[in-house]
Amino acid sequence: MSLNQINIEDLILLCKQKNQKAQCEVYNRYAKAMYNVSYRIVKDAHYAEDVMQEGFLKAFDKINNYKQEVAFGSWLKRIIVNASIDFYKKNNQFSLEDFESNVYKIEENCEDSADVESFNNLKVKQILETINALKYNYRMVLTLFYIEGYDSEEISEILNISNSNCRTTLSRAKESLRKKLEEI
């Protein structure tokens, strides 16, 4: 039986035995999705590919720590997200004080149905471009929340901020995004 017909659990067992062909098959199955995850954070195709490959190396190095408590793809995605954020911070002189300064609660405004309808009619590309135009911490929490599907607790762990600060930043980011989208 060829490796591309083996289920992921069996491939993981082979990877734990340092089987390079199994590692190659795992890489082939997950590379495109993990590249997309990295690219959304790093914002550069070449660096995203480098970060993704480094993330895979780290995952294969730490494969014995994978305890199957979550799906392998989720475990791998977490490694790639963390590697991408670390790379971004290191190469963009990002300061965590952006998250910690001027924290205050914003009450979420109720949107009427006309606003929701007009928002739904916007093109996805415009929304992504608008998200990319936001400042780093807003862009990061919105990407992790809406695109990657993490909840606020997971985002706070990934970004190493308090859960209340994460919720506040997420609320502020949503408000900022809404205002920018209204201008379009």
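At what angle do the axes of α2 and α4 cross, and within what distance do they come?

Guide: The model is predicted, so local features need pLDDT of at least 70 and side-chain atom pairs count only at pLDDT 80 or more, while totals for chains, interfaces and linings use all residues. Residues are numbered from 1 along each chain as its sequence is written, and side-chain values use heavy atoms, with hydrogens and water left out.

The axes of α2 and α4 cross at roughly 35 degrees and come within 9 Å. Axes here are lines fitted to C-alpha atoms, for helices over the stretch in contact, with angles running from 0 to 180 degrees between N-to-C directions. Helices are DSSP runs (H or I, at least four residues) numbered from the N terminus, and strands are runs of E of at least two. The crossing of α2 and α4 is right-handed; a crossing is called right-handed if the near helix is turned clockwise from the far one by less than a right angle, and left-handed if anticlockwise.

On the α2 side, the residues that meet α4 are Val26, Tyr30, Met34, Val37, Ser38, Ile41 and Val42. Their partners in α4 are Phe72, Gly73, Leu76, Lys77, Ile80, Val81, Ser84, Ile85, Phe87 and Tyr88. Contact means heavy atoms within 4.5 Å. The residues of this contact divide into 13 nonpolar, 3 polar and 1 charged, where Ala, Val, Leu, Ile, Met, Phe, Trp, Tyr, Cys and Pro count as nonpolar, Asp, Glu, Lys and Arg as charged, and the others, Gly among them, as polar.

The largest nonpolar core has 45 residues, and those with the most contacts inside it are Phe72, Ile85, Leu144 and Leu159. Such a core is a set of buried Ala, Val, Leu, Ile, Met, Phe, Trp, Tyr and Cys residues joined through side-chain atoms within 4.5 Å. Buried means under 20% relative accessible area, exposed over 50%, and partly exposed in between (1.4 Å probe, protein chains only). The largest share of this core, 8 residues, comes from α4. Leaving aside neighbours within four places in sequence, Leu144 is in contact with Val81, Ile85, Gly149, Tyr150, Ile155, Ile158 and Leu159.

Lys43 is found in the loop between α2 and α3 and has a phi near 70 degrees, a positive value in a residue other than glycine. Lys43 counts as partly exposed because its relative accessibility is 31%. Gln68, in the loop between α3 and α4, has a positive phi of about 60 degrees although it is not a glycine. At 46% relative accessibility, Gln68 therefore counts as partly exposed.

Leu128, Ile131 and Asn132 of α7 make the contact with Arg139, Leu142, Thr143 and Ile147 of α8. These residues divide into 4 nonpolar, 2 polar and 1 charged.

Buried residues make up 39% of its 184 residues. Of the contacts with a separation of 6 or more, 66% are accounted for by residues 24 or more positions apart.
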